[in-house]
Protein chains: 2
Amino acid sequence: MRHVAALAGVGIKTVSRVMNDEPGVSEATRQRVLQASQQLNYQLDMAAGSLRRSGRQTLSIGLLLPSVANPFSSEIHRALEDTLSERGIAVFAASLDDNPEREKALVAAFLGRRVDGMVLTPIARSQAYVIPEHSRDLPMVFIDREPVGIEADAVVTDNAAGAARAAAHLLGHGHTRLAYFGDTPDIQTARERRRGFLEQLGQAGIPTSTVSVREGLRDVESARLAARAVLASDEPPTAIFSSQNLVTFGVMRALKELDASRRVALVGFDDFALADMMDPGITVIAQHPERIGRLAAERLLARIDGDDGAPRTYVVPSELIVRGSGELPPSY
Amino acid sequence: MRHVAALAGVGIKTVSRVMNDEPGVSEATRQRVLQASQQLNYQLDMAAGSLRRSGRQTLSIGLLLPSVANPFSSEIHRALEDTLSERGIAVFAASLDDNPEREKALVAAFLGRRVDGMVLTPIARSQAYVIPEHSRDLPMVFIDREPVGIEADAVVTDNAAGAARAAAHLLGHGHTRLAYFGDTPDIQTARERRRGFLEQLGQAGIPTSTVSVREGLRDVESARLAARAVLASDEPPTAIFSSQNLVTFGVMRALKELDASRRVALVGFDDFALADMMDPGITVIAQHPERIGRLAAERLLARIDGDDGAPRTYVVPSELIVRGSGELPPSY
DNA sequence: TTGAAAGCGCTAACAC
DNA sequence: GTGTTAGCGCTTTCAA
């Protein structure tokens with residue numbers, strides 16, 4: 001900046017004014033400065049600026065996801081970026097990999113970079129460790145799961161209601177022997193989905209004890225094996241609800257291997273690419289990651305802009321998408 | 001930092017030493033400083049540090065992708081992150097959406113944030129506009145496509161060789177009436193794939209004029225319609241090569257609608273989730289985004305660490321994955 | 001309309 | 001081992 005000022009023959013403050021589009025500079029000087037900055041290929045240093053600027057914004061935020069490569073996460077990422085880029089805000093994205101230690105380390109890394117806010121998918125048992133920053137007025141929005149041990153904004157899917165809708169759908173098609181295949185109940189969303197599913201069955205007079213419940217399924221292979229085992233039992237279920245994508249894939253594999261895809265009904269939680277191209281198409285409870293991302297971005301911006309209302313949880317409704325697998329009749 | 005120094009009763013420089021794990025501080029003072037910093041919930045300001053530090057690294061890099069939500073891109077993103085996070089480097093990710101204007105704007109945004117380097121998927125006609133920064137020694141690695149108008153490192157898939165392998169595979173299964181379905185030839189990778197495919201056919205004595213070539217297919221729907229048209233022609237192809245995921249999906253849809261999935265052979269460029277669950281499984285030329293990402297990260301780190309060898313293009317080989325659709329015999 | 005001086009939080013260089 | 005001073009590139013404040 002000094003160089004630009006020297007070349008243009010003006011004071012350093014005038015260059016600052018021009019680069020920041022501040023008023024109070026004659027058009028002639030403006031042009032001179034602009035030309036000098038072009039010639040020297042000058043770029044304002046945002047970090048140096050925010051060091052001195054009142055308010056001290058860096059125009060960057062931190063985003064913590066299970067994995068940036070996870071399709072659900074990356075759609076949220078995209079929606080956030082679209083909303084924030086209009087304000088010139090850049091996004092640091094990082095992956096957690098179910099590792100609570102990483103959660104804390106990455107939050108610290110974001111803090112060290114003085115982000116203006118954070119969007120987090122919590123995995124540690126408690127998020128109380130960020131209380132000092134949060135109360136120090138660093139905007140934070142939690143997504144997918146509500147935080148524990150701290151009051152903050154959250155944007156989540158209606159997990160229990162969505163799972164209940166899956167249950168009602170299967171009941172409506174005449175099923176009474178059902179199975180629930182789920183992720184580990186350590187995860188709040190998995191617990192909610194199980195609860196919603198089983199409660200809906202209970203209301204229909206189907207005792208929980210007659211439902212095959214398999215949990216702790218974290219990948220395709222464990223889900224596939226669990227499905228094979230349950231389907232080989234004495235009284236196999238006529239319909240399956242899978243609470244998560246990888247679990248759905250595992251169940252699909254097992255059904256295909258047993259040539260049972262058209263005999264056993266299946267509803268999966270979470271939509272996925274090509275679900276309609278399967279045979280039969282896979283009926284799902286779809287989440288709306290783009291809406292979650294957009295809403296989280298809007299809440300974060302509101303907080304950055306000074307909104308100090310009480311923290312709230314925003315619920316994004318899920319949606320039943322009928323494609324065939326969930327409408328198969330009971331086979332016994 | 002001043003506050004911490006005051007509370008611990010030491011000089012400011014001593015706090016700096018402790019926070020940066022520099023030697024030359026007695027264990028006793030160290031503990032006192034550490035405790036004071038905990039008490040005040042102090043976090044080192046990286047931006048302020050790099051302002052003064054020689055070398056002036058910000059430990060952040062910029063990543064420009066077609067879209068962070070694109071599965072191929074987000075796997076590259078993930079591999080980059082894994083390699084870079086070991087060095088404490090954070091990643092700014094941004095989406096281009098095929099918009100050359102965005103490319104320049106986002107590069108400018110990264111420069112203003114003084115990233116230590118950039119990984120870019122080029123889409124503008126030329127990348128000459130970054131020559132000043134590149135020669136000013138800002139490390140840059142291009143991925144997926146080679147840059148135009150500037151000499152810089154690049155990491156790409158062996159597009160032509162992969163497409164040639166697809167051609168050879170179909171020829172080996174007896175096909176002589178083939179079709180090429182591709183993205184717009186504006187894109188370097190699309191051109192390369194077409195070239196590799198047609199050249200291989202030419203070497204086998206199949207004149208290009210007998211190959212149905214459909215290009216400019218940018219989405220599932222246009223590919224589906226193109227496939228339906230070609231398959232309804234007088235002498236329909238017995239085998240199809242699709243040069244990109246969305247095109248593959250469109251062709252798959254058309255084949256399903258015409259009940260021709262088991263009659264017309266198909267090889268797609270680029271792998272995708274559930275390809276093996278289709279009926280038949282879809283044979284593909286798989287790219288290795290995780291290897292592209294890792295290699296790009298390694299090259300970028302080498303450049304950041306001062307490697308000033310001549311720029312090079314690194315080619316990551318693709319791989320034929322046999323799943324059924326590419327091994328169907330000719331149907332005439 | 002313009003510019004000089006101070007200082008944001010930190011580290012380099014050097015003194016003690 | 002420890003502290004002091006200067007200054008990174010910028011914006012704020014205030015004077016001209």
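Reader: How many residues does the contact take from chain A and from chain B?

Author: Keep in mind that this is a predicted model. Here, contact goes by heavy atoms within 4.5 Å. On that basis, chain A gives 49 residues and chain B gives 49 residues.

Reader: Which residues in chain A lose the most area to chain B?

Author: Let's start with the whole interface: the two chains bury about 4200 Å² between them, with 52% of it on carbon and sulfur atoms. On the chain A side, three residues together make up 16% of what that side buries. They are R78(A), R113(A) and M277(A).

Reader: How many salt bridges does the rule find across the interface of chain A and chain B?

Author: Take one pair to get the idea: the side chains of D97(A) and R78(B) meet at 2.4 Å, N to O. That falls under the cut-off, within 4 Å, so the pair counts as a salt bridge. Across the interface of chain A and chain B, the total is eight.

Reader: And what is the count of residue pairs in polar contact between the chains?

Author: This count takes pairs with both residues at pLDDT 80 or more. Between chain A and chain B, it comes to 22.

Reader: Moving on to the second largest pocket, which element gives the most to its lining?

Author: This pocket has a volume of about 1600 Å³. Of the 49 residues that line it, those closest to its centre include L111(A) and Q43(B). Helices of both chains supply at least two lining residues each, among them α12 of chain A and α1 of chain B. The top contributor, with six residues, is α6(A).

Key: Residues numbered from 1 in each chain as written. Chains lettered and ligands numbered in written order. Predicted model: local features only at pLDDT ≥ 70, side-chain atom pairs only at ≥ 80, totals over all residues. Heavy atoms only, no water. 1 Å grid on protein atoms, 1.4 Å probe; cavity = no way out; pocket = protein on both sides within 12 Å on 5 of 7 lines; lining within 4 Å. Points joined across faces, edges and corners; volume = space filled by probe spheres on them. Helix = DSSP H or I, 4+ residues; strand = E, 2+ residues; numbered from the N terminus. Buried area = accessible area lost by both parts, 1.4 Å probe. Polar contact = N/O pair within 3.5 Å; in protein donor to acceptor, adjacent residues only side chain to side chain.
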